[in-house]
Amino acid sequence: MAETKMVSLTIEGRAVSVPEGTTILEAAKQVGVLIPHYCYHPGLPVAGVCRMCLVEVEKAPKLAPSCATTVADGQVVHVHSDKSLDARKGVLEMLLINHPLDCPICDQSGECELQDYTFQEGRNDSRYREPKRFNPSEDFGGDIVYVPNRCILCTRCVRFMDDVAHDTVLNVSERGDRAVIGKFEGKDLTNVWAGNVVDLCPVGALLSKDFLNKARAWELDRAASICPNCTQGCNVMIETRENQVVRMRPRPNEEVNAFFMCDYGRLNYRWMNERQRAETPLVKMNGKLVAADWDVAVPAAAKLLTGNRAHIVASPMLSNESLYLLTQLIDTSKGAGVFRVAEGEEVPLPGVEDLALRRDRAANVYGAEMLGFKKTNDVFAGAGKGDVLVVVGEDFDGLDASSISNAGDVILIGPAMPNWIAEKAAVVLPTTNFAEEEGTVTNLRGRVQRFSQAKAAPGLSRPTWLVLGDLLGAIGKQSQFFLPSDVFGKLASSREEFAGLSYDKLGFKGLPVLNAKAGAA
Amino acid sequence: MAIKVKIVERPVDEVSYIRSTMKGMALTFKHIFKEKVTTQYPEEKAPISPRWRGTHRMLTTETGKAKCVACGLCPTVCPANCIKLVPGEDEQGNRYPLVFEIDEFRCIFCGYCQEVCPEEAIHVGRHYENSEYSRAGFVYDLERLTSQTHPVCEMWDPEDPKGE
């Protein structure tokens with residue numbers, strides 16, 4: 001490929017050099033100037049319909065839409081000149097003619113681009129005295145509700161469904177000031193990827209029914225994380241209010257999920273708020289489980305493990321750190337490690353390369369396999385007579401008492417504790433779930449990505465890596481770990497695939513492991 | 001040893017208390033005939049400023065429902081963090097407060113909640129008699145806030161809203 005030609009121009013007095021073909025808007029982002037825009041979105045084709053990104057280009061006869069104008073050598077662009085500010089003020093005034101003043105009850109309030117830009121550049125008051133246009137809100141099917149009054153017709157949603165999801169459902173119906181977003185007869189926004197139109201909508205016209213009226217944008221606490229619901233490993237923000245996860249939204253990462261995530265992952269967050277779970281360490285005494293201190297429970301578990309073969313049932317939701325510590329436990333006890341994973345239909349997003357809702361519905365299937373855990377349907381089958389069964393992080397969906405009949409002592413490590421397993425367990429060590437701890441997971445392309453803690457864990461539960469580290473310490477295998485990054489450091493130094501990686505290097509965009517399978521498999 | 005005390009001779013017209021007493025009593029009796037200034041509380045109450053900021057009231061619509069739409073601005077602006085709000089949806093799909101509680105002990109009566117309210121729902125009241133039998137009684141719930149009837153604070157003069 002030929003060397004990309006670089007073009008030099010000046011934006012707001014700042015010199016910048018960008019590859020040929022870049023738009024002024026993207027070039028401006030590079031020098032830290034945000035040109036207000038509505039219809040433009042980096043993940044969608046350019047439409048140029050909102051006229052919000054008008055900027056003044058010297059020697060050009062009229063203002064240029066910066067999202068659709070490519071850069072040229074020697075161009076001098078003024079984003080905040082009187083002329084361009086005046087034009088954008090006019091655009092905003094027009095947009096607000098029919099926009100209702102219902103910010104107090106609008107879910108987008110606080111993260112609304114119309115609010116932001118009006119506050120930055122708009123008029124203080126309206127000159128429009130006539131009654132506003134009114135259309136009743138409409139259920140678009142799926143998780144989405146449409147409020148036409150708030151719509152500014154940027155057509156991001158229409159372009160997403162047409163050009164990215166390749167499922168033509170939405171259109172612009174009617175003309176002139178009667179125009180609204182309509183959906184085709186007999187079609188609904190039931191596409192698995194349709195939820196992205198809510199994130200794309202710059203105003204509160206397309207809203208998630210699931211999140212409707214639950215919280216205000218400014219009350220939410222956000223944590224950068226990874227969607228744990230399939231092996232794609234989409235980068236997400238877990239948003240919580242009062243220690244409850246209320247929604248997940250995609251976090252841009254060109255290498256994994258671009259700007260999108262599927263509805264399956266988006267709406268499957270309720271298990272993170274589960275209240276029925278193990279909260280205190282328990283130890284069996286005279287045939288009954290009694291609450292114990294961590295200092296008692298961990299040595300009790302270690303005592304069971306010494307000299308016995310361990311059959312380890314891991315969860316593919318566990319982080320690389322926890323799984324690595326489990327491999328050490330397997331090595332010491334000459335045991336085996338297995339996991340099972342829920343499966344579903346694979347649904348690709350046609351407009352983005354190598355992005356799909358994957359068949360395996362768990363975060364770290366690839367990481368577990370890489371660390372030597374075997375995928376199986378009957379996880380308890382391999383446990384021989386007298387083996388210590390160690391169940392870590394398993395959710396027990398679809399399992400019951402009959403499945404573990406032939407095992408010896410049971411050590412339960414995890415957040416979930418159904419009654420039937422509690423009856424059999426000799427020691428219960430409560431751990432945090434995916435949203436409550438920190439760590440890394442490996443996606444199906446071998447990309448190691450970090451996730452951070454989004455909420456506090458209930459009771460005395462501790463992070464899985466910490467519990468496993470203490471357990472190994474009690475067996476006498478190694479010293480204690482204090483941070484997940486320490487565990488990852490140990491993993492990186494002892495496993496060839498992870499060589500050279502560290503939390504600092506991974507950042508929040510992740511890095512592939514050595515010899516990762518690239519591209520579509 | 002006996003202490004010698006020096007006794008100073010003073011003129012009678014300077015040390016006599018009779019004159020001072022007469023003077024004081026004259027002032028006292030003069031007040032009997034003056035206008036009375038004591039307010040006979042609680043039978044009689046002193047007037048309070050139209051901008052007085054006391055315990056809250058939630059105003060209601062004609063149908064008796066609270067005007068609040070649970071926008072969340074008052075808990076956000078409240079510097080004392082005394083407002084608890086949980087938003088919800090009613091049968092018509094309108095946003096309304098499921099829980100709206102003000103802890104009047106925590107409240108510092110700054111009046112920001114009234115100032116920020118876009119629906120003119122929450123108001124600080126022109127009211128000061130707030131005694132209760134328990135501390136819990138000072139957490140006003142939505143029912144209490146809507147049923148109270150005392151006058152509310154006027155943040156500005158309605159005749160002259162801009163203060164010109």
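In the predicted model, B:Pro42 is placed in the loop that runs between helix H2 (18-32) and strand E1 (54-58) of chain B. The peptide bond leading from B:Tyr41 to B:Pro42 is cis, and its omega is near 5 degrees. Most peptide bonds, by contrast, are trans, and most residues other than glycine have a negative phi.

Positive phi values occur in chain A. A:Glu12, which is not a glycine, has a positive phi of about 50 degrees. This residue is located in the loop between strand E1 (6-11) and strand E2 (14-19) of chain A. A:Glu12 has 17 C-beta neighbours inside 10 Å and therefore counts as partly exposed. A:Asn243, another residue other than glycine, has a positive phi near 65 degrees. Its place is in the loop that joins strand E12 (235-241) to strand E13 (244-250) of chain A. With 13 C-beta neighbours inside 10 Å, A:Asn243 also counts as partly exposed.

Helix H8 of chain A comprises residues 320-333. The buried set includes the run A:Asn320, A:Glu321, A:Ser322, A:Leu323, A:Tyr324, A:Leu325 and A:Leu326. A:Leu329, A:Ile330 and A:Ser333 are buried as well.

Chain A as a whole contains 13 helices and 26 strands. Its C-alpha atoms fill a box of roughly 85 × 55 × 40 Å along the principal axes. Of its 521 residues, 46% count as buried. Among the contacts in chain A with a separation of 6 or more, 63% are between residues 24 or more positions apart.

In soluble globular proteins, nonpolar side chains tend to be buried together. The largest nonpolar core of the model has 146 residues, and A:Val313, A:Ala314, A:Val390 and A:Val427 are those with the most contacts inside it. When neighbours within four places in sequence are left aside, A:Val427 is in contact with A:Val283, A:Ala297, A:Ala300, A:Ala301, A:Leu304 and A:Ile411. Another core, of 19 residues, lies apart from the largest one and has among its members B:Met58, B:Ala70, B:Cys74 and B:Phe100.

Chain B also contains an open sheet of three strands in the order E2-E3-E5, with antiparallel pairing. E2 and strand E5 (139-140) stand at the edges of this sheet, each with a single partner strand, so one side of each lacks a neighbour in the sheet. Strand E3 (residues 95-103) pairs with E5(B) over two bridges in the antiparallel sense. B:Asp103 has B:Val139, in E5(B), as its bridge partner.

At the interface between the chains, 10 residues of chain B are in contact with six residues of chain A. Strand E2 (residues 83-89) of chain B gives the most to the side of chain B that touches chain A, contributing three residues. The residues on that side of chain B consist of four nonpolar, three polar and three charged.

Definitions and conventions
Residues numbered from 1 in each chain as written. Chains lettered and ligands numbered in written order. Predicted model: local features only at pLDDT ≥ 70, side-chain atom pairs only at ≥ 80, totals over all residues. Contact = placed C-beta atoms within 7 Å. Helix = DSSP H or I, 4+ residues; strand = E, 2+ residues; numbered from the N terminus. Nonpolar A, V, L, I, M, F, W, Y, C, P; charged D, E, K, R; others polar. Pairing = 2+ DSSP bridges. Buried ≥ 20, exposed ≤ 12 C-beta atoms within 10 Å, placed from the backbone. Core = buried A, V, L, I, M, F, W, Y, C linked by C-beta atoms within 7 Å. Expected span 1.5 Å × (residues − 1).
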